[in-house]
Amino acid sequence: MLRYPILTRNSWLKSLGVKSQSKFSTCSVSTNIQSVLKENKTERNHGGNFKEGQILHGFIVDQITPVKEMYLTAIKLTHLGTGAQYLHLSRDDSNNVFSIGFRTTPKDSTGLPHILEHITLCGSERFPCRDPFFKMLRRSLATFMNAMTAPDYTMYPFSTQNFQDFQNLQSVYLDSVFKPKLRELDFRQEGWRIEHSDPNDKKSPIIFKGVVYNEMKGVFNNNQNIFVTRLLNSILPSHTYSVISGGDPLEIPKLEHQDLVNFHATHYHPSNARFYSYGNFPLEDHLKFVNDKYLFLSDKIDTSSTQVPSEKRWTEPKREHVLCRPDPLIADPNRQNSIAIASLCNDINDVQETFNVYILSQLLLDGPNSAFYKSLVDSNIGTGFGPMTGYESQCKDTIFIVSLQGVQEQDFDKVEKIYKETVAQVAQEGFSQDHIDTVLHGIELQVKHQTSNYGLNLLFNLSPLWNHDGDIINSMKINDAIATFKKTIQREPKYLQSLVEKYLLQNGHQLTLTMSPSQDYEAQQIAAENKLLESKIKNLTPPELDQIYEQGQILLSEQEKEENIDSLPSLKIDDLKKDVDRYDMIDIEVSNVPLQVAVQPTNGVCYYRGIINTQYLPDNLKNLLPVFNNVVTKMGTEKYDYRNWDRVVQLNTGGLNFSNHIAEVKDDSHKYEEGILINSYCLDHNANSMWELWEELFNGVKLTDLARFETLVKISAADLTNGITSAGHLYAMSSASSLVSPVARLKESLSGLEYINRMKSIAQMKDMSLILEQIQQISDQVLKKSHLRSAINLTNESKDDIINGMEAFYGAIKGSTTTKHVLISEDAPIKSNNNAVHHVLPYAVNYASKVILTVPYLDPEHAPLQVLSQLISSIYLHPEVREKGGAYGGGASLGSDGSFRYYSYRDPNSTRTLDIFDGTWDFLSKYNISDSEIVEAKLGLFQKIDAPVAPGSRGMTKFTNGLSYDDIQHHREQIKAVSREQLLYVAKKYLSPDASNVKVGRALIGPHNPDLKSRHSENWITLDQEEQSQAQAVK
């Protein structure tokens, strides 16, 4: 998995592990902060039994430091024999984390470390079976398993609550990285190869194949990934950042298998390793295993060659331009240009300076009160900040970036002029204390906020600093950093202005990068790929051409070979906990509004949610609910303009948020609750201020500023298009589901490609006043308590005061509660049994989906269908779609409405994959499903079902989805009891080509595909975004 360094404007908070991070991963991530262990009998140990200088299993304890603000003790060790580094964070968290990481610094763009990351997980000395990583996914209760490659390091992390599972995964991971087989066949499958498009047809064309090869083609489907890669390569040009660690598809075929073997020998040596563990499992067990199994007999080697030097600073700024493909989903075809102005700042190892510049970046970039927002976003010279905007502290030298998307090409110089004027103005005027306090409050709140993946976030975001031998323990002491910053500001009132002058005003190391679309871009990429392919095969002799076919047959034979996987450890059904975790909740009424109260150890933070039912809204207004949700908290109120409103909200809360809410009814696939989910959280002592803000919003929101509304709409439309390529499988599943499920049809309208296209149409309007009027109508109808129900999670100490404040809020807003029960909507079944839609987009790979409507959550067939989805993902779809087909991912899942969803991700194939989906029953009818495979499928489901929940989110399944603990426990027992006979019964009933009265939807996102015309029975329709965009450009 490729991990980009430049992600969001909150990289500094991420580097401290206090900011959540979303990633495409192999399974869901969920952790829990618990003070009492239930299932695993382990001893709590916060470093009290260890002493600095103590030697434990070959490691010497270098440092023991409590980090009070994070409720943990950090223990840093070094292995005496190899020099390997170890960091253990002891914390009362049952979701333990382990990782092994290496500094990997490539010198070319062949994707060597990325491909090596894949191949190490394809079999090892102790676990010689093919692909033990994916096989362990279904033999474990891991809450997270993955591996990822960054520009200068590679890591292999997992997390689990079960101690035996922890040891199992630890053994597989460590054997994979230290003793991998590194077979050339795996290199050909995972990296790249030339092979016949149909390996069984010698006359079919020879093409490039490979999982990573196709993954990277998918990565560069996104223009912003092209942009960020070029920026990183260009602003840090002298060392490893000048190349593409994930691999350039035009460079990957230059990599040889022996290159991987050589790189592994030096970069995956224990001397270059960084071990990490987190949670409440005993440290000594980890140390003993690591030393005895892998480090004991290893020598120490010199790893200085992997170090990354600081970039030599330029004396003069530079400019570069890059081309990209036109994006047909962008509202204005003439505003598809982007510009970024990036300044190289401090060394990442200067932790305090990094903190200080982070604060500066928030003041300059975050929210409508920031200087660059006022000058670049409010001016409408672009459609909003680009995704890479922010302070990037993930590389050896940090980078401050201002990027703008949706710019006209002739305005590039104007943007630069505004940038310089803004910097000069800030250097002169500085920042208000109120603005600084708002940023510091946000940091304090994030530190206290218990995310659901705390240990993993700490790992992901300490790793860049640790990779460059920085003081990682000091970097976690956020309170000290805040105190030092405050003292500096008090001593030097113009300190922040001096940082502006140093890094932005007088910094010669500045890059201005621009990007524009070219109509020839895709054709040029295809031509370059064809030229590269031609260079590989043009001089091959007939025997060498025969060898390509023979190698394809050998690989295919290997992929189809049955293998013994008994060497892999596995949990059993008996390892599952007997009952679902249950937390006490009470249901009361506050000013006649239903309220679910969960008293939990929330660390002095209260979490509020509300659901406003929207069943009664007319359809034309329902279609605009996502727009309303996006703008309602950003327009201001009668008392505050939008800038002052943002300031007071950020000064007292973590934000007031509105989002879509559609919840399937647990016993009927055609019924659902529709509404708006509102939520916020704050420090307990700010609760009354939070209620006052909610009251001000409900009673005094002012939706009249048309210019502000147009700005917000254009920002939203641009941001939506940036997210398609990284979540294309989700959009494909949503589109296909909407063809069979009434619930999914509504979801597609409010969050799928249908919604993205609607936002595009709105953003294209020359006059949005009519839309704004409709937004006002929504506000008048929903911002009242008539159809509101709510929930709150808080500590017992603060409960009474906070609920009293809520009563004042509810008592002051309009409306009266008309019903105490959840209002349920119902749609008629979709009549057609077979429909399909192809969304044509200029991508190099596809995202395919097939969906069959089955039965809802409480139906007895739901559990076997869930197990079936997990089973076919592992024994059928993964081998066919990924291993043989070369897609980055493929699988199946079951929605709670009964939508049985197939998907593929970054897939070079289309109709072949659809045929694979269709062939499921034929495969199962001939396949002898083993008992162990059924157990593994069940374990895969329980990874998510039994994932721990953070205190601030406990009880939310009941509140949002109406599922009681008894419902969940009954479903758990049903899953445990699923038999082979049940699996085959539901497979034949719903997945067989002869299945009667089964509704099937298909969707494909990707390039033009004439093959679909021959699939007459599937009723394909084509939605060509490129043609629509070109027609709009002509207008």
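This briefing describes selected helices, strands and residues of one structure. The model is predicted: local features need pLDDT of at least 70, side-chain atom pairs count only at pLDDT 80 or more, and totals for chains, interfaces and linings use all residues. Residues are numbered from 1 along each chain as its sequence is written, and side-chain values use heavy atoms, with hydrogens and water left out. Helices (H or I, at least four residues) and strands (E, at least two) are DSSP runs, numbered from the N terminus.

**Helix pairs**

Two packed helices are described by the angle between their axes and the distance between the axes. Axes are lines fitted to C-alpha atoms, for helices over the stretch in contact, and angles run from 0 to 180 degrees between N-to-C directions. Angles under 35 degrees count as roughly parallel, over 145 as roughly antiparallel, 65 to 115 as roughly perpendicular and the rest as oblique.

- Helix H33 (residues 931-945) and helix H35 (residues 965-977) have axes that come within 10 Å and cross at roughly 165°, which means that H33 is roughly antiparallel to H35.
- The crossing of H33 and H35 is left-handed; a crossing has this hand if the near helix is turned anticlockwise from the far one by less than a right angle, and is right-handed if clockwise.
- On the H33 side, Lys938, Leu941, Phe942 and Ile945 meet Ile968, Arg972, Ile975, Lys976 and Ala977 of H35, where contact means heavy atoms within 4.5 Å.
- The contact of H33 with H35 has six nonpolar, no polar and three charged residues; Ala, Val, Leu, Ile, Met, Phe, Trp, Tyr, Cys and Pro count as nonpolar, Asp, Glu, Lys and Arg as charged, and the others, Gly among them, as polar.
- Helix H30 (residues 862-884) also packs on H33: their axes come within 8 Å and cross at roughly 110°, which makes H30 roughly perpendicular to H33.
- The crossing of H30 and H33 is right-handed, and the contact joins Gln866, Val867, Gln870, Leu871 and Ile875 of H30 to Glu933, Ile934, Ala937, Lys938, Gly940 and Leu941 of H33.
- Six nonpolar, three polar and two charged residues make up the contact of H30 with H33.
- Helix H10 (residues 351-365) and helix H16 (residues 478-491) have axes 10 Å apart and pack at an angle of about 70°; the two are therefore roughly perpendicular to each other.
- Gln352, Phe355, Asn356 and Ile359 of H10 make this contact with Asp480, Ala481, Ile482, Thr484 and Phe485 of H16, and the residues divide into five nonpolar, three polar and one charged.

**Strands and sheets**

Strands of a sheet pair through backbone hydrogen bonds, either parallel or antiparallel. Two strands pair if DSSP finds at least two bridges between them.

- An open sheet of six strands has the order E27-E28-E26-E29-E25-E30, with mixed pairing.
- Its edge strands, E27 (889-894) and E30 (1020-1024), each pair on one side only.
- Neighbouring strands of this sheet are turned by 15° against each other on average, direction ignored.
- Strand E25 (residues 834-840) pairs with E30 in the parallel sense over five bridges, and His838 stands opposite Thr1022 in E30.
- Strand E13 (residues 337-347) is joined to strand E16 (residues 397-407) by nine bridges in an antiparallel arrangement, with Gln405 of E16 as the bridge partner of Ser338.
- E13 also runs antiparallel to strand E17 (residues 510-517), with six bridges joining them, and Ile339 stands opposite Thr514 in E17.

**Buried and partly exposed parts**

Buried means under 20% relative accessible area, exposed over 50%, and partly exposed in between (1.4 Å probe, protein chains only).

- Ten of the eleven residues of E13 are buried, so the strand is largely enclosed by the rest of the structure.
- Helix H26 (residues 742-751) has seven of its ten residues buried, so it too is largely enclosed by the rest of the structure.
- The buried residues of H26 are Pro742, Val743, Ala744, Leu746, Glu748, Ser749 and Leu750; their packing partners include helix H25 (728-737) and helix H27 (753-763).
- Ile792, found in strand E23 (residues 788-794), is buried, with a relative accessible area of 0%.
- Leaving aside neighbours within four places in sequence, the contacts of Ile792 include Leu595, Tyr607, Trp691 and Met806.
- Asn961 lies in helix H34 (residues 956-961) and counts as partly exposed at 31% relative accessibility.
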